[in-house]
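The sequence and the model are shown first.

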Amino acid sequence: MAECEMCGENVPRLIKARIESAVMMVCEKCLKYGTPVEKKREAPKTVILPTQPARPRPQSVSKPAVSKTVSRRESDREMEDTFLIDGCGEAIKSARERIGWTQDDLAKKIMEKKNVLSSIERGALMPDLKTARKLEKTLGIKLIEKVQ
Ligand SMILES: [Zn+2]
């Protein structure tokens with residue numbers, strides 16, 4: 001129960017009304033002396049759009065080129081852990097002559113230039129691992145040793 005501010009009557013419900021210049025809580029009967037103050041309309045909720053809509057993160061499409069990196073690293077490591085035997089040039093030369101190939105023959109088989117092979121045989125040039133492997137395979141000799 002609430003008391004009407006106009007007539008003092010206890011009523012179950014008071015209505016906010018503007019009577020003359022005052023705003024009073026009045027009963028329904030007293031409401032006729034004034035005008036009901038309209039219930040303040042709830043301001044429409046402001047929908048604040050996020051400046052950056054939460055979008056699902058695009059999944060990285062490009063796969064990291066792991067295989068290439070790994071294989072290269074392994075190759076590098078292999079280079080670090082391996083070395084060519086002493087006198088590998090001589091070993092190549094003697095193996096080649098044993099088979100009866102000319103430098104030209106062998107150079108073609110390992111797809112190297114003859115002068116490169118010549119330098120390797122003289123010991124003036126160390127074959128790279130790839131070439132050494134080819135020489136090993138082609139001549140059936142051992143040129144590469146692993147560092148223990
Ligand atoms: Zn009243």
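The model is predicted.

**Helix α2**

Helix α2 covers residues 88-99, and at 1.5 Å a residue its 12 residues should span 16 Å. Cys88, Gly89, Ile92, Lys93 and Arg96 are the buried residues of α2. Viewed down the axis of α2, these buried residues fall within an arc of 140°, so they line one face of the helix. An α-helix has 3.6 residues a turn, so residues three or four places apart point the same way. Just after α2 comes Gly100, with a positive phi of about 100°.

**The contact of α2 with α4**

Two packed helices are described by the angle between their axes and the distance between the axes. For α2 and α4, the axes come within 6 Å and cross at roughly 115°. On the α2 side the contact is made by Gly89, Ile92 and Lys93, and on the α4 side by Ile120, Glu121 and Arg122. Sorted by class, this contact has 2 nonpolar, 1 polar and 3 charged residues.

In α4, Leu117, Ile120 and Glu121 are buried. Seen down the axis of α4, they lie within an arc of 95°, so they line one face of the helix. Asn115 and Arg122, on the other side of α4, are exposed. Arg122 is also one of the residues in the contact with α2. The buried residues of α4 pack against α2 and α3.

In α5, the buried residues are Ala132, Leu135 and Leu139. Their arc around the axis is only 60°, which puts them on the same side of α5. Lys130 and Lys137 are exposed on the other side of α5. The buried residues of α5 pack against β6, α2 and β7 (144-146).

| Helix | Buried residues |
|---|---|
| α2 | Cys88, Gly89, Ile92, Lys93, Arg96 |
| α4 | Leu117, Ile120, Glu121 |
| α5 | Ala132, Leu135, Leu139 |

A glycine with positive phi comes just after α4 as well: Gly123, at about 85°. Gly140 follows α5, and its phi is positive, near 70°.

**Asp104 in α3**

Helix α3 contains Asp104. Is Asp104 buried or exposed? Asp104 counts as exposed, because it has 11 C-beta neighbours inside 10 Å, and the cut-off for an exposed residue is 12 or fewer. Between Asp104 and Ser118 there are 9.2 Å in space, C-alpha to C-alpha, for a separation of 14 residues in sequence.

**The sheet of β3, β4 and β5**

An open sheet of 3 strands has the order β4-β3-β5, and its pairing is antiparallel. Its edge strands are β4 (22-26) and β5 (35-36), each of which pairs on one side only. In a regular strand the side chains alternate between the two faces of the sheet.

Strand β3 (residues 15-19) pairs with β4 in the antiparallel sense over 5 bridges. Two of the residue pairs can be named: Lys16 has Met25 of β4 as its bridge partner, and Ala17 has Met24 of β4. The hairpin of β3 and β4 has 2 residues between the strands, and in this hairpin Glu20 takes a positive phi near 55°.

The antiparallel pairing of β3 with β5 runs over 2 bridges. Arg18 stands opposite Thr35 in β5.

**The chain as a whole**

The chain has 5 helices and 7 strands. Along the sequence these elements follow the pattern β-β-β-β-β-α-β-α-α-α-α-β. The chain has 148 residues, of which 15% count as buried. Among contacts in the chain with a separation of 6 or more, 38% are between residues 24 or more positions apart.

Technical notes
Residues are numbered from 1 along each chain as its sequence is written. This is a predicted model: local features need pLDDT of at least 70, side-chain atom pairs count only at pLDDT 80 or more; totals for chains, interfaces and linings use all residues. Helices (H or I, at least four residues) and strands (E, at least two) are DSSP runs, numbered from the N terminus. The expected span of a helix is 1.5 Å times one less than its number of residues. A residue is buried if 20 or more other C-beta atoms lie within 10 Å of its own, exposed if 12 or fewer, and partly exposed in between; C-beta atoms are placed from the backbone. The arc is that of the directions from the helix axis to the C-beta atoms. Two residues are in contact if their C-beta atoms, placed from the backbone, lie within 7 Å. Two strands pair if DSSP finds at least two bridges between them. Axes are lines fitted to C-alpha atoms, for helices over the stretch in contact, and angles run from 0 to 180 degrees between N-to-C directions. Ala, Val, Leu, Ile, Met, Phe, Trp, Tyr, Cys and Pro count as nonpolar, Asp, Glu, Lys and Arg as charged, and the others, Gly among them, as polar.
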